[in-house]
Amino acid sequence: MTRSIHGMSRFDIFMRSCVDGEAQAARPPLEQHFGYLLPNSKTNANTGPNELTGKGLTFEKIATAFEELVDTMRDKDNPKGPADAGMTFLAQFVDHDITLEATSMIGKKIDPASIRNVRTPGLDLDCVYGDGPEASPHLYSPQHEGFLLFGREDHHYDLARNCKGTALIGDPRNDENILVSQIQGAFITLHNILMSSVNEGGEAQKAIHDCGNAIPKHVWMNAVKPELENFEQVRLFLRLHYQHAFLHEILPAFIDQECIDAALEHDIFGPDAPIMPVEFSVAAFRFGHATVQQEYKLTKTGNPVPLFAGMRGFRKRTKADDIEMRMFFDVAGTVAQKARPVGPKMATELFALPEPIVTKGETFGDFAISKESAKKLGLRNILRDRGAIRCASGQQLARWLAANHPALGVKELPAPATLKKHHITKTPLWFYCLEEATKSKKLTGVGGIIVASVFARLLKLDRESILHTEFEPWSGFGEKFTMGNMMKWMEDHRDHVTHAADLRCG
């Protein structure tokens, strides 16, 4: 949680700042709204028919041009990029950890400042923990302090569910497909294994206590109730490993290291930039859509499963749906499947989103988008940008970065030929970020700077993040700490949870 103390709610932080006189924070603790990175974005977005090009194009002609552009992205192959396949879905998990906006429109203009981010904008695993045992009791065991509910009687490795089959998790979106669902389950399981270790004196106990000792004692005592001390130490321990993996493994898998280094060294967009920019959430961080493969093998001996046909979520998972983590994350001695490279191509599966994801057509200005066209994920991304949020174009961000931070070496790309022939000279930001990645197969330039800068800032603003804590990953997860080795450790120890039977639900 940004500028938070462990699992304190934003109301708790606000009240503490009022009572203790700690209100000198750079930003109010309750800020959870979106905004534009560029100060003049509202006037330079150039997104209406006349504003877009000055040529007097209609909404129909603009939408047609954008659909043509999206159709050039269709790719039937399954190319291998540098990232493990699981990184795509782990990035989706991260996205759900830091952003949730309930207003997801395409055709109606929205002021980002009016959109509330339901998630806390920080790498704090609130999609796993909610607001903690007291504020989110439905996620926790009423019998065993600090343990998260997990498993069902007929499938011990599924998420805990209510009588209707709805997952009892901090963010319901993490049950939308069986891959993200199992990443969610992995973090819940890791927490419960570590809680068991602390309570019973297991091998991780000392490392977890030492991690908690890295926080100043007076801060810890003021923020944590004694009966929740073990829980808070485990939560901090797991969060720091999650942040370490994100900074040193996940980000470099998708973003040029030069962009990451620059963002960590400099506050590129300045202290007044929004904590959660729409250029990030609506455009740049949606690069993950281009890294999805057509199909995946869930287990070493299993057959490939099509993305939508075999991976649907929001339902009770069967044992046949279970994945082997080694198939999605490299583990010592094994090589995982790979994600597609970041770039301006997408799997054909994403050109026909199934119901209930898309149930009807959309509108763009005064033009009706057919249901068939509305099922193209790329077109939805572009129309949401152009019609609702109206981000600055890729060229405008490139010019701003070149003018204000020339040392970054950001070069402006021209509009693709598909748009130029329709007299459109400004590239929608989402596509622009993917186009920049064509050669390196990772985000670079505008896209790399935006994504790296947002995450660097979130970690800088969090006083208990790995940037402000002397932290080294626990050697128990493996000689070299990686996401794959931590997932393997989880699989090896997931049956060693005390009270496991009491934690099952539904």
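1. Leu125 lies in the loop that runs between helix H5 (85-98) and helix H6 (126-129). In this predicted model, the phi of Leu125 is near 60°, a positive value in a residue that is not glycine. Leu125 is also buried, at 0% relative accessibility.

2. His499 has a positive phi as well, of about 65°, and is likewise not a glycine. Its place is the loop between helix H20 (483-493) and helix H21 (500-503). With a relative accessible area of 35%, His499 counts as partly exposed.

3. The peptide bond between Glu355 and Pro356 is cis, with omega about 10°. Pro356 sits in the loop between strand E6 (346-347) and strand E7 (362-364).

4. On the cysteines, the count of disulfides is 0. A disulfide is a covalent bond between the sulfur atoms of two cysteines. For Cys433, the closest cysteine sulfur belongs to Cys391 and is 9.5 Å away, so the two are too far apart for a bond; the cut-off is 2.5 Å. Cys433 is buried, with a relative accessible area of 1%. Cys127 is buried too, at 0% relative accessibility.

5. The largest nonpolar core holds 151 residues, and Phe187, Phe269 and Phe455 have the most contacts inside it. Helix H11 (residues 229-254) contributes the most to this core, giving 14 residues.

6. Which residues does Phe455 touch, leaving aside those up to four places away in sequence? Phe455 is in contact with Val94, Ile98, Leu123, Phe246, Leu251, Phe280 and Phe285.

Methods
Residues numbered from 1 in each chain as written. Predicted model: local features only at pLDDT ≥ 70, side-chain atom pairs only at ≥ 80, totals over all residues. Heavy atoms only, no water. Core = buried A, V, L, I, M, F, W, Y, C linked by side-chain atoms within 4.5 Å. Buried < 20%, exposed > 50% of the residue type's maximum accessible area, 1.4 Å probe, protein only. Helix = DSSP H or I, 4+ residues; strand = E, 2+ residues; numbered from the N terminus. Contact = heavy atoms within 4.5 Å.
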